[in-house]
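Reader: I am new to this structure. Please take me through its salt bridges, pair by pair.

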Amino acid sequence: MAKKFTEIKQLAYPKTEVEILNWWKEAGIFKQSLDSRSDGIPFTFYEGPPTANGKPGIHHVMARTVKDLFCRYKTLKGYRVERKGGWDTHGLPVEIEIEKELGLEGRAQVEEYGLAEYNARCRESVLKYKDLWDKLTLRMGYWVDLENPYITFKNEYIESVWWAFRELFDKDLVYKGYKIQWYSPGSGTVLSSHEVSLGYKETQDPSIYVKFPLEADENVFFLAWTTTPWTIISNMALAVNPKLEYVKIRVTDGEQTEHYILARECLGNAIKQEYEILETYQGSDLIGWIYNPVFDYALKEISKKEAWRVIAADYVTTEDGTGVVHIAPAFGAEDYEAGRENEIPMFNPVDREGRFSEQIVDFAGMWFKDADKEIVKAMKEMGRMYHHETYLHNYPFDWRKGTPLMSYPVESWFIRTTAVKERMVELNKTINWKPESTGSGRFGTWLENNVDW
């Protein structure tokens with residue numbers, strides 16, 4: 001039994017970290033620090049649980065040092081600080097580890113292996129390095145209750161989450177929605193905005209200028225720029241800024257003469273040869289013009305009258321490209337909203353593993369990024385490519401698997417956090433943030449730009 005503070009005999013002052021830790025353990029100092037504040041105001045601490053199927057690192061020591069600092073400070077101030085340890089046993093880190101061990105790729109292979117067996121292997125692995133975590137916890141002097149941890153695969157924990165979800169549902173704060181979100185075909189899941197921000201890398205993508213022929217005159221083309229050739233198959237509209245000035249130009253290449261429509265300000269960067277301006281338009285003059293799609297796959301499902309027309313979008317600029325934006329509602333949040341506002345349907349021929357469906361005969365089964373090269377080649381052969389180069393830019397990748405993300409239409413359950421957005425912003429201003437810039441800056445900005453979770 002641990003000795004009380006008053007019963008501990010005068011000991012030689014511990015000189016090393018190990019001696020201090022042994023003395024804390026022998027005397028039960030952590031427990032006595034709680035007992036000595038039995039009448040104090042409760043200050044409850046649940047550790048944001050680590051995943052014990054990976055080895056701890058120095059960053060865990062740093063984070064836990066901060067956690068421990070606040071708990072000890074509150075104890076010194078007279079609070080009773082219960083400190084509950086925990087283990088995160090759900091989610092992608094565990095699944096990815098098991099998929100690597102079993103050599104599985106994608107949902108189909110997991111289902112073929114067997115969900116029950118797969119779940120059992122995940123459960124076996126989640127506490128793989130628990131002993132190392134326990135030793136680290138004791139060695140760094142981090143005071144937390146490891147004997148009674150909360151574990152996320154335990155039914156009592158799962159039921160508490162369902163209880164919280166039911167409370168939100170009863171308050172009409174839960175709904176089923178359909179949004180374009182950053183999705184990882186490698187992990188088979190949508191990523192949060194924070195996770196997306198972790199995976200941006202500088203990468204080279206195709207930079208192409210595509211010719212969309214007018215229905216009335218197939219020798220006149222709208223010229224649009226994109227770095228995602230694979231989305232051209234799902235093109236449903238072209239967007240222009242009503243306030244910009246556009247021109248129709250004539251370009252002669254040998255014996256071939258063609259006419260292109262683009263923003264006047266983009267001529268210098270977009271056009272690679274001599275040209276002659278034939279006509280000038282206000283962007284608003286082009287709204288409603290009809291053109292023919294580059295690929296006709298969608299025409300098997302969607303009537304020509306429903307799509308493939310020019311629409312207005314104030315977000316179209318002349319900073320890059322041509323001032324004419326290719327719209328694929330299935331693969332971009334802005335594209336989706338523009339399509340919805342103009343009653344333009346969505347065409348999505350890419351499955352959740354990022355592969356083109358069988359209906360896209362020439363590219364069936366191709367992974368979306370691998371298809372870029374073949375789609376560019378096909379457009380050149382069709383005479384629908386004006387110019388092709390490469391473009392260096394930042395693009396989001398799955399920070400866990402390293403595979404590129406895609407803007408993808410996903411049906412999900414959402415929590416209506418926007419319903420309390422103004423209240424959260426208001427209360428945030430009453431918090432004494434240290435440093436103050438965190439509350440008014442990073443966290444405050446996040447609240448002000450809050451979207452349903």
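Author: What follows is a walk through some of the salt bridges. The model is a predicted one. The count of salt bridges comes to 21.

Start within a single helix. Arg-166 forms a salt bridge with Asp-170. Their closest N and O atoms are 2.8 Å apart. Both residues lie in helix H8, which covers residues 155-170. They sit four residues apart, about one turn of the helix.

Now take a pair from two strands. Lys-211 pairs with Glu-258 in a salt bridge, with the closest N and O atoms 2.9 Å apart. This pair links distant parts of the chain. Lys-211 belongs to strand E6 (residues 200-213), and Glu-258 to strand E10 (residues 256-263). The two are 47 residues apart. Lys-211 and Glu-258 are both buried.

Next comes a pair from two loops. Glu-215 forms a salt bridge with Lys-304, and here the closest N and O atoms are 3.3 Å apart. Again, distant parts of the chain are linked. Glu-215 is in the loop between E6 and strand E7 (220-226). Lys-304 is in the loop between helix H11 (283-286) and strand E12 (309-312). The pair is 89 residues apart. Glu-215 counts as partly exposed because its relative accessibility is 44%, between the 20% and 50% cut-offs. Lys-304 has 23% relative accessibility, so Lys-304 also counts as partly exposed.

How values were computed: Residues numbered from 1 in each chain as written. Predicted model: local features only at pLDDT ≥ 70, side-chain atom pairs only at ≥ 80, totals over all residues. Heavy atoms only, no water. Salt bridge = Lys/Arg side-chain N within 4 Å of Asp/Glu carboxyl O. Buried < 20%, exposed > 50% of the residue type's maximum accessible area, 1.4 Å probe, protein only.
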